[in-house]
Amino acid sequence: MRVSPAMLQRAAKTVDKYSLYVPKTGVFPQGFKVASTASGVKKNGALDLGVILNVNESRPSTAAAVFTTNKFKAAPVLLSRGVLEASHGKGVNAIVVNSGCANSVTGDVGLADGKSMLEMVNQHIGKDNSTLVMSTGVIGQRLKLDKIQAGINDVFKNNKFGSDFASWLGLAKSINTTDTFPKLVTSKFTLPNGKEYTLTGIAKGAGMICPNMATLLGFVLTDLPIEAATLQKMLRFSTSRSFNCISVDGDMSTNDTICMIANGAVDTPVINEASPEFQQVQQQVTEFAQRLAQLVVRDGEGSTKFVTVNVQHALKFDDAKIIAESISNSMLVKTALYGQDANWGRILCAIGYAKLNDLKSLDVNKINVSFVTTDNSEPRELKLVVNGVPNLDVDEARAAEILALDDLEVLVDLGTGSEQAQFWTCDLSHEYVTINGDYRS
C-alpha cells in the first residue's frame with residue numbers, strides 16, 4: 001500500500017492525540033471488574049471484545065440507557081432496550097460489547113446472534129435478564145458468533161477480569177474502530193455528607209457522529225446508589241447537554257447507545273429526585289459526560305481542529321441548541337474552518353435556516369458573531385458581525401491567527417434572552433474522505 005503524505009501526517013497527529021488525551025492512571029468505582037480480549041473478529045488481531053461486570057452484592061444495581069433514533073436500529077439496540085424495559089432498570093450487572101461488526105440490518109439472524117451473546121454472559125454470572133449487549137463496526141454483516149462465543153468463554157474461564165488501570169484501558173481499546181485513541185475518563189467526587197464516589201466513562205467514536213440521542217457507544221459506571229427512574233432522568237439530562245451536543249460529520253449511527261450503571265457500592269442513602277444531593281450529582285454527571293463526549297470530537301476522522309460553538313442570550317435553551325447544532329453540522333462552515341477562511345457568511349447562513357421552535361429567539365438586527373481564541377493571546381474576541389451588520393474593520397491577520405489554532409470558539413450572541421447552549425464540532429478535511437472512501441477495505 002502506498003503511504004501518502006496525508007497518512008503520515010495523520011499518524012503523527014495520532015501519536016500527539018494519544019499522549020494528550022489518554023490518561024496514564026485513573027480512579028475507578030468500587031465493585032466493578034472489566035475484561036477484554038482479541039476474539040478474531042477484527043482482521044488485524046486487535047482487541048475486539050469487552051465485558052463490564054458488577055460484582056457488588058451489597059444492594060441491587062440500577063441501569064439506564066439512551067438509544068439511537070435511527071429507524072434502522074441495530075439488533076443490540078433492540079435487545080438491550082428490551083432488557084431494560086423488562087427489568088425496569090434494576091439488576092443489570094453486565095455489559096458485553098464487540099467491535100469490528102455492528103450486527104445491524106441483519107434481521108432475525110442478527111437478533112438471535114445478539115441474544116446468544118447476552119445469554120452466554122448471563123449463564124456465566126448465573127443471573128437471568130442481567131446483561132446488555134452492544135456492537136460497533138461495519139453495518140450489514142453477520143457476527144462471527146463462533147469467535148465471539150470463544151472470546152466470552154475465554155475471559156470468564158481464564159478470569160481475565162481486573163479492576164486496575166490496565167484492565168480499564170484494555171476495555172476502552174476493545175471497542176475502538178476508526179478511533180485513533182481509546183477514550184477513558186475517570187473522576188472522584190465528594191457528596192455533602194463527606195462520602196466519596198467515582199465516575200468512570202468509556203466511549204468510542206470518530207465518524208458517523210451526529211446528535212440526536214447519544215452518538216456513539218459509551219458507558220458511564222458509578223458506585224453511587226441511584227434509584228432507577230432517577231438514573232434514567234439524570235442520564236437523559238446529561239446526554240442532552242453532552243453526547244447530543246457533538247458533531248463530526250452529520251451522520252447518525254444505527255447502533256448509538258449511552259448506558260449508565262450505578263451499583264450502590266458506596267455506603268450512602270439511595271439518591272432520588274427528592275434527595276438533597278440530586279442536583280449536585282446530576283451536574284457532576286453532566287460535566288463528566290461533556291468531557292467524555294468532547295474526546296469523540298477531538299478524534300473526529302481526519303479532523304485538525306476542535307471547535308466550540310457557543311450560542312448565548314437566546315430566548316430558549318432549545319433554540320440556542322438548535323442554532324449551535326445547525327452551525328456545527330454545516331459542511332460549508334466545517335470546510336471553511338479547515339481552510340482557515342474567516343467566512344462568517346456561512347455561519348450566518350447556517351443560523352438563518354435553523355428550524356427554531358420560537359422565531360422570536362432570532363432577531364437579525366441583534367445578532368453578534370465572533371471568533372474567540374483559546375490560547376490567551378489578545379485580543380481574545382474578534383467580532384465579525386455586530387448587531388446584524390458586518391464588521392468592516394475585521395483584522396484579517398488576527399482572524400488567520402485564530403483559525404490556525406487547533407482549538408477555537410465560534411461565539412454567537414442572539415441578544416434576545418438569557419439562555420445558552422454549547423456544541424462541540426470539528427473541521428472537515430480531505431483526510432475524512434480518504435478514511436471513509438475505503439472503510440471496508
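Hi everyone, let's start with helix α4, residues 145-157: its 13 residues at 1.5 Å each should span 18 Å, and the end C-alpha atoms are 18 Å apart, so the two agree. The expected span here is 1.5 Å times one less than the number of residues, and helices (H or I, at least four residues) and strands (E, at least two) are DSSP runs numbered from the N terminus.

A quick word on the source: this is a predicted model, where local features need pLDDT of at least 70 and side-chain atom pairs count only at pLDDT 80 or more, while totals for chains, interfaces and linings use all residues. Residues are numbered from 1 along each chain as its sequence is written, and side-chain values use heavy atoms, with hydrogens and water left out.

Back to α4. Its buried residues (under 20% relative accessible area, 1.4 Å probe, protein chains only) include Ile152, Asp154 and Phe156. Among the elements covering them are β1 (32-37) and α3 (107-125), with contact meaning heavy atoms within 4.5 Å. After the helix comes Asn159, with a positive phi near 45 degrees.

Ile152 and Phe156 are also among the residues with the most contacts inside the largest nonpolar core, which has 120 residues. Such a core joins buried Ala, Val, Leu, Ile, Met, Phe, Trp, Tyr and Cys through side-chain atoms within 4.5 Å. Ten of the core's residues, the largest share, come from helix α7, residues 278-298.

Finally, strand β15, residues 407-413: five of its seven residues are buried. β15 pairs in parallel with β11 over seven bridges, pairing being at least two DSSP bridges. With β12, β15 runs antiparallel, joined by six bridges.

Terms used
Buried < 20%, exposed > 50% of the residue type's maximum accessible area, 1.4 Å probe, protein only.
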